[in-house]
Amino acid sequence: MSDSFDSYVRSARLYFESAGKRPSAYVHTYGCQQNVSDGEKLKGILAAMGYEFTSDTADADLILLNTCAVRENAEDKVFGNVGALKKLKEHNRSLIIAVGGCMTQQRHIADKLRASFPLVDIIFGTNAARELPRLIYEKLTQNTGGTYLDGGEEISEDIPVLREDKIKAYVPIMYGCNNFCTYCIVPYVRKRERSRLPKAVYDEVKELIADGYKEIMLLGQNVNSYGKEHGVSFAALLKMLDDIDGEYKLTFMTSHPKDCTHELIDTIADSRHIEHHIHLPVQCGSDRILKAMNRNYTVESYTALAEYAKARIPDLSLTTDIIVGFPGETYEDFSKTLELMKKIRFDMAYTFIYSRREGTKAALLPDPVSDKEKGAWMRELLEVQGEIGLQNYQRYIGGTFEVLCSGRDKNKPEYLTGHSRQSIITRFTGPDDCIGKFVKVKITGAMPWAVEGELIQ
Ligand code: 5AD
Ligand code: SF4
């Protein structure tokens, strides 16, 4: 740890010890797995400073919101939640409120928060974790709230991590993105692409497996371009990790189709531990719109890649992301997306209505199609995909899945739930001691989003 990071962590610890009270923090993370992983680091730092954690904002001495900026509704939710903290702050003047992450990294949002929500004490950006102990310590001792958005792009290997889960561990392998898809805010808030050293990733994964973690999820905005500065490809990194002995599976998020190589697909096909699942966001089925999105592939090249992957990995599950209603998209463009869905037959699609992000190139384009019309397109897409997903999953009835059981189903606790080797959600009945283990399940039924079955003893 850097001297100043280390010394502020220590000073905060001493401050709380001398006050004779263990402070309590409420931390909430919005958005993607990368954010969850950042949140685990923020919690690791707070724990090192002496905080314990609460799930009730009313008990907290510190409320920290780790935000997402990918779509406008994510930001609206945060503004709403910050506003709702006003009463708590009125009752407890010493409550510290900190808001950080992708949303606050945008200067106009940080300014809006400062101007409209004086109850927020600390505002920090995506690369500011090392500054958090100082910002909190200064607020505690000098009552000076701060804004810090200037963190550099260097990778810190020494930040403590407090993992949320005992079965699945998130391991970021790279940060940032260089792709500048024209709709996307991520390259602006997470800055340029940089990869962790292969040895740092290898050592962490090895330790996690030795600690008993059963799923290691490698994270990056575009994992396929991992390691350019180290001369080690993502496929080569996966091979190194796959060689580690043990009972675990390797998963990863997210692949960009333009960088997804046959070498990577072959590596998955020939591996012992890598999940037979590729999440390969296509975004749209119209070449004209793909070009306007700056995606750098065509429907033809994407289809060829998907076909190669399906041929090479017969039980592959292919999933995707779709944006509906990009500026200038017509119904004719959209109908090409429907055609593509019917051709590729994804197991699952995460679908989003285009959200204008200030500062991106697409935000400058005319966007004449109404929200109502885009909503109707979305419903059509969901109907088509729901039917395809169900038919795909019905093919598995009568077969057997190896499932990593993650716990009880939140909505139907009479079921256990987990993901298969293809990452298909599988629910089944069985005893609690399945949790955290790989178990065999005979598939008896299918839904559009999951399958169900019976535990094979
Ligand atoms: N509007 C709608 N969806 C978006 N995504 C990223 N930016 C936007 C936006 N401005 C979607 C893409 C991406 C996923 C993580 O979020 O589909 O793959
Ligand atoms: Fe955004 Fe495109 Fe980078 Fe993904 S690859 S984070 S969609 S800019």
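First, some ground rules. This is a predicted model, where local features need pLDDT of at least 70 and side-chain atom pairs count only at pLDDT 80 or more, while totals for chains, interfaces and linings use all residues. Residues are numbered from 1 along each chain as its sequence is written, chains are lettered from A and ligands numbered from 1 in the order in which they are written, and side-chain values use heavy atoms, with hydrogens and water left out.

**Stop 1: the domains.** Colour 3–148 as domain 1, 168–394 as domain 2 and 400–455 as domain 3; these bounds come from an automatic or database domain assignment. Between the C-alpha centres of domain 1 and domain 3 there are 36 Å.

**Stop 2: ligand 1.** Select ligand 1 and show what surrounds it: Val70, Arg71, Tyr183, Gln283, Asp321, Ile323, Phe352, Ile353, Tyr354, Ser355 and Arg357 (a residue is near if one of its heavy atoms lies within 4 Å). Two strands, β13 (317–324) and β14 (348–353), each supply at least two residues of this shell; strands are DSSP runs of E with at least two residues, helices are runs of H or I with at least four, and both are numbered from the N terminus. By type, the shell has six nonpolar, two polar and three charged residues. Here Ala, Val, Leu, Ile, Met, Phe, Trp, Tyr, Cys and Pro count as nonpolar, Asp, Glu, Lys and Arg as charged, and the others, Gly among them, as polar.

Now check some distances. An oxygen atom of ligand 1 sits 2.6 Å from a side-chain N or O atom of Asp321, and a polar side-chain atom of Gln283 is 2.7 Å from an oxygen atom of the ligand. A nitrogen atom of ligand 1 lies 3.0 Å from a polar backbone atom of Tyr183. How much of ligand 1 does the protein bury? Taken alone, ligand 1 exposes 410 Å², and the protein buries 85% of that (areas by the Shrake-Rupley method with a 1.4 Å probe).

**Stop 3: ligand 2.** Ligand 2 is surrounded by Cys177, Asn179, Phe180, Cys181, Tyr183, Cys184, Val186, Pro187, Gln221, His256 and Arg295. This shell splits into seven nonpolar, three polar and one charged.

**Stop 4: the second largest pocket.** Centre the view on Thr126, Asn127, Ala128, Ala129 and Ile159, the closest to the pocket's centre of its 25 lining residues. A pocket is an open set of points on a 1 Å grid over the protein atoms alone, with protein on both sides within 12 Å along at least five of seven lines; a cavity is a set where a 1.4 Å probe fits but cannot get out, and lining residues have an atom within 4 Å of a point. Helix α2 (33–49) and strand β4 (96–101) give two or more residues to the pocket lining. Domain 1 and domain 2 both contribute to the lining, so the pocket lies between them.

**Stop 5: the largest cavity.** Select Thr126, Asn127, Tyr175, Gly176, Arg190 and Arg194, which line the largest cavity.

**Stop 6: two backbone spots.** Most residues other than glycine have a negative phi, and most peptide bonds are trans. Phe180 has a positive phi, near 50°, in the loop between β8 (174–175) and α8 (186–190). Finally, find the cis peptide bond from Met253 to Thr254, with omega near -5°.

How values were computed:
A polar contact is a pair of N or O atoms within 3.5 Å; within protein, one must be able to donate a hydrogen and the other to accept it, and residues adjacent in sequence count only if both atoms are side-chain atoms.
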